[in-house]
Amino acid sequence: MNLSLIDPFILAQDYPDALTGKVRSGHAACIRFNRKGDFLATGRVDGTVVIFDIETNGVARKLRGHTRQIQALSWSGDGRYLLSSSQDWKCILWDLQDGTKLRTVRFEAPVYIAELHPLNPFLFVASLFEDQPLLVDISSCIPLKHQLSSVPKRPKLDRPELNEKQALQDAKQSTCVTIFTTQGDHIIAGTNKGWLNIIEVRSREIVHSTRLCNGIIILLRLAASGRDMVSNASDRVIRTIPIPNLSQPGLDMNTIKIEVEHKFQDVVNRLSWNHVAFSSTGDYVAASTFMNHDIYVWERGHGSLVKILEGPKEELGVIEWHPHRPFVAACGIETGRVYLWSIITPQRWSALAPDFAEVEENVEYVEREDEFDIHPIEEIHKRRLDLEDEALDVLTVDPVKGDSVHDVFSMPVLLDIVDSESEEEIVAVGPGTMRRKSPGEGREWMNGAENTNDREDQGAFKKVVTTAGEKTQSRSRKR
């Protein structure tokens, strides 16, 4: 939409207010925006990665390499590389310049989540199912896997029996989620016992640990600034946590304090949360609910609930906020559709012309003196030729918010995707069960099938009447 047609006061709103659209190509299980926000990657349950163009809602690229459900997606900083992790125990690094598999790494367990380094696309950290996390270097064709510890860093106690008891408890620790900090110097890991571990990438050692909750830390996500983090845990509480600058020179890790800023929860209904996300500015937190179809949006300044986005009649899973706009995407668990929430903007038509004015009621129009004068045909033709001589710039692209000098990569969009599934080609057989329509199904009226059936019925009726008439005539002749 043309920005000049949008009311500037509408642009000041920081969160969406209504469901405005949906996209689909297969059954999506996870989604992720790239840093510029012009592409949305979706991972399907059949192992295919589909990339949508946000402006057109069309399929820009399809990537096939996994055999089971995609668990997580991670974009590189420049948007050229995409890391996909799956339940088939593999992670694949895709080069979106031509859609090829650049690296494939196989693990000894299903991958729960994998995150690319913010500056180095050939380094990522992976959290495995019931196993220790790994820091993987794929600079060469042979990946180098470095195992990371899940045992929190705690001071030793004076009594040996307490140390042994503590060691037995720490042996049951396993890391559920890992993310990089903004600079990429540290890894923040969440365990199944509610601990946050800060791991230095260079030494691969835990430098700080703190107890966040008593439940399982399901998800960690940093804001765009990197100064705030949101966590989702099994105790049904969403927490926002300020993160200090861990890359500051001379910082003593023993003196830092990581404390919870806000706790968001549904005290009345005690809802659980499937997924959480920060807004583009980090001022809002959005979450999808378990066994519910609403999205909750909280404001961080006062810690209050500002909006409940009503969605479709199905439970929503992964939710993502656009990196630069009040635009939210979430995938449905049953159907796999990707639903989009944004701001309904009334167009400001006065921007079409300087002398255009919107009126609330009819007014009498006063024409100019020369407005409807009849000009010679030669003069009109000369004016058109003069307009054609003006040079039009159709190559220069105006800068858009979120673009920067470093974002030089632009993914080429393929126009020959012939196997793109659409809503009209797939029908729902049951909850979560889809099948393709048979060719021509639902289009019988186009081929005149109904008329043919009527004619066949009419013909059958005539045959019955004729047969009955012939039987009557034959009986009369016999008499």
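Which residue forms a salt bridge with Arg 202? The partner of Arg 202 is Glu 200, with 3.1 Å between the closest N and O atoms. A salt bridge here is a side-chain nitrogen of Lys or Arg within 4 Å of a carboxyl oxygen of Asp or Glu. The model is predicted, so local features need pLDDT of at least 70 and side-chain atom pairs count only at pLDDT 80 or more, while totals for chains, interfaces and linings use all residues. Residues are numbered from 1 along each chain as its sequence is written, and side-chain values use heavy atoms, with hydrogens and water left out.

Across the whole structure, 10 salt bridges are found. Arg 202 is exposed at 69% relative accessibility, where exposed means over 50% relative accessible area, buried under 20% and partly exposed in between (1.4 Å probe, protein chains only). Arg 300 and Asp 228 also meet through their side chains in a salt bridge, at 2.9 Å from N to O. Arg 300 lies in the loop between β24 and β25 and Asp 228 in strand β19 (residues 228-233), so this pair ties together parts 72 residues apart in sequence. Both Arg 300 and Asp 228 are buried. Strands (E, at least two residues) and helices (H or I, at least four) are DSSP runs, numbered from the N terminus. A further salt bridge joins Asp 235 to Arg 239, at 2.7 Å from N to O. Asp 235 is partly exposed, at 23%, and Arg 239 is buried, at 5%. Shared partners join the salt bridges of Asp 228, Glu 261 and Arg 300 into one network.

The aromatic residues come next. Rings of Phe, Tyr and Trp (its six-membered ring) pair if their centres lie within 6.5 Å; planes under 30 degrees apart count as stacked, over 60 as edge-to-face and the rest as tilted. By this rule there are nine aromatic pairs. In one of them, the ring centres of Trp 273 and Trp 298 are 5.2 Å apart with planes at 80°, so the pair is edge-to-face. Trp 273 belongs to strand β22 (residues 273-278) and Trp 298 to strand β24 (residues 294-299), and the two residues are 25 apart in the chain. Trp 273 is buried, at 5% relative accessibility, and so is Trp 298, at 4%.

Turning to the strands, two count as paired if DSSP finds at least two bridges between them. Strand β6 (residues 70-75) has five of its six residues buried. Five bridges join β6 to strand β7 (residues 81-86), and the two run antiparallel. Within this pairing, Ala 72 has Ser 85 as its bridge partner. The two strands form a hairpin with five residues between them, and Gly 79 in the turn has a positive phi of about 80°.

An open sheet is made of four antiparallel strands in the order β1-β28-β27-β26. β1 (18-23) and β26 (316-321) are at the edges with a single partner strand each, so one side of each has no neighbour in the sheet. β26 pairs with strand β27 (residues 328-332) over four antiparallel bridges, and Glu 320 stands opposite Ala 329 in β27.

Glu 310 is in strand β25 (residues 304-310) and is exposed, with a relative accessible area of 62%.
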